[in-house]
Amino acid sequence: MIDQLKKNYLVAILETRRDGAFDAIDAALDHGHSPETVIFKLLIPAMEEMAAIVESGEEATLAQLYLASQISSQVTERLIPIFSSKVESRGTMIIGTAFEDFHGLGKKIVSGCLASRLVKVIDLGLNVTAEKFVDTAVENEASVIGISSMMVHTARGTNGPSGVRELLIRRGLEDRISLVVGGAPYKFHPELYRKVGANAWARDGMTAAGVISDLMGGGRAS
Ligand code: B12
């Protein structure tokens, strides 16, 4: 059933039909699937299939992909508040997309998974400078900064994670604030997170929630 609904969702986003996409989501929830299952077994695989279609240069364009991401983003916003796996608050975390990076969907999903586990997530949105990450973490007494980078140059850039690490060192905050990263470049080079100065990385939202809970519990994941 979830596979058929994933196909319906894929067809709807390929045709940029918001109503059709929401119909597939509603049907999955009506069949008793949890919001987490809907995100990880339906929405993400459908987005991945669509991305593969775009990359093959065949049936879909980058503009369609953009609209599909907008629809998936709205679906995610609707599902996050009804996530079932709530646990008690462990602290505050700051999350955002790296400087000059405008890929927001993955971060939004991570944010939702974390909010359902950690209660307080401050989402700075897209295109966030290293200084803004650190200043906001200090203002809000956050113990973790999470940076999403979907492009190699925004993962490696000096205003990205390595810039945050430099500021943490310069301001003597290294023992108080941990740095976690995620996004496509880290999936291709699992050791890249060390090179950019992060304490840990995670390949998806659910793994991120576990890694960050551990960091907030006192340990360092690296
Ligand atoms: C959708 C998409 C877009 C959309 C973004 C819409 C939006 N609002 O988000 C649009 C069409 C706008 C776009 C634009 C561009 N894109 Co684009 N895009 C993609 C695509 C196909 C999918 C990204 C996505 O949404 N995935 C789905 C989500 C659910 O997965 P995810 O992002 O990986 O997130 C998960 C994990 O990574 C992890 N995670 C993510 N963030 C974090 C953070 C933390 C802290 C943690 C712990 C975990 C974590 O958890 C998430 C949930 O499970 C990727 C290809 C790919 N396969 O990744 C290319 C891709 C990222 N884009 C690429 C490029 C080049 C561009 C453009 C430059 C294209 C252009 N010519 O203009 C522009 C750049 C715009 C900019 N400055 O940011 C390249 C980057 C290549 C590189 N080597 O750097 C990619 C890899 C495509 C490719 N193969 O060439 N893109």
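In this predicted model, helix α8 spans residues 161–170, and its buried residues are Pro161, Gly163, Val164, Arg165, Leu167 and Leu168. The cover over these buried positions includes α6, β3, α7 (152–156), β4 and α9. After α8 comes glycine 172, which has a positive phi near 65°.

Helix α2 covers residues 18–30, 13 residues in total, and extends 18 Å from its first C-alpha to its last, close to the 18 Å expected at 1.5 Å a residue. Within α2, the residues Gly20, Ala21, Phe22, Ala24, Ile25 and Ala28 are buried. Just after α2, glycine 32 adopts a positive phi of about 95°.

The domain assignment divides the chain into domain 1 (2–82) and domain 2 (91–216). Taken over C-alpha atoms, the centres of domain 1 and domain 2 are separated by 25 Å. Contact between the two domains involves twelve residues of domain 1 and eight residues of domain 2.

Both domains also take part in the largest pocket, since its lining draws at least three residues from each of domain 1 (2–82) and domain 2 (91–216). The largest pocket has a volume of about 1,400 Å³. Its lining consists of 41 residues, and those that lie nearest the centre are His103, Leu105, Gly106, Lys107 and Met150. Two or more lining residues come from each of α3, α4, β1 (91–97), α5 (105–118), β3 (144–148), β4 (178–182), α9 (184–188) and α11 (205–216). Sorted by class, the lining comprises 23 nonpolar, eleven polar and seven charged residues.

Strand β3 includes serine 148. Is this residue buried or exposed? Serine 148 counts as buried because its relative accessibility is 10%, and buried means under 20%. Leaving aside residues up to four places away in sequence, serine 148 touches Gly96, Thr97, Ala98, Lys107 and Gly182. One of these contacts, Lys107, is also among the residues that lie nearest the centre of the largest pocket.

As a general rule, most residues other than glycine have a negative phi. Asparagine 127 is not a glycine, yet its phi is positive, at about 60°. Asparagine 127 lies in the loop between β2 (119–123) and α6 (130–139). With a relative accessibility of 30%, asparagine 127 counts as partly exposed. Glutamate 141, likewise a residue other than glycine, has a positive phi near 50°. Where does glutamate 141 lie? Its place is the loop between α6 and β3. Glutamate 141 counts as exposed because its relative accessible area is 67%, and exposed means over 50%.

Note on methods:
Residues numbered from 1 in each chain as written. Predicted model: local features only at pLDDT ≥ 70, side-chain atom pairs only at ≥ 80, totals over all residues. Heavy atoms only, no water. Helix = DSSP H or I, 4+ residues; strand = E, 2+ residues; numbered from the N terminus. Expected span 1.5 Å × (residues − 1). Buried < 20%, exposed > 50% of the residue type's maximum accessible area, 1.4 Å probe, protein only. 1 Å grid on protein atoms, 1.4 Å probe; cavity = no way out; pocket = protein on both sides within 12 Å on 5 of 7 lines; lining within 4 Å. Points joined across faces, edges and corners; volume = space filled by probe spheres on them. Nonpolar A, V, L, I, M, F, W, Y, C, P; charged D, E, K, R; others polar. Domains from an automatic or database assignment. Contact = heavy atoms within 4.5 Å.
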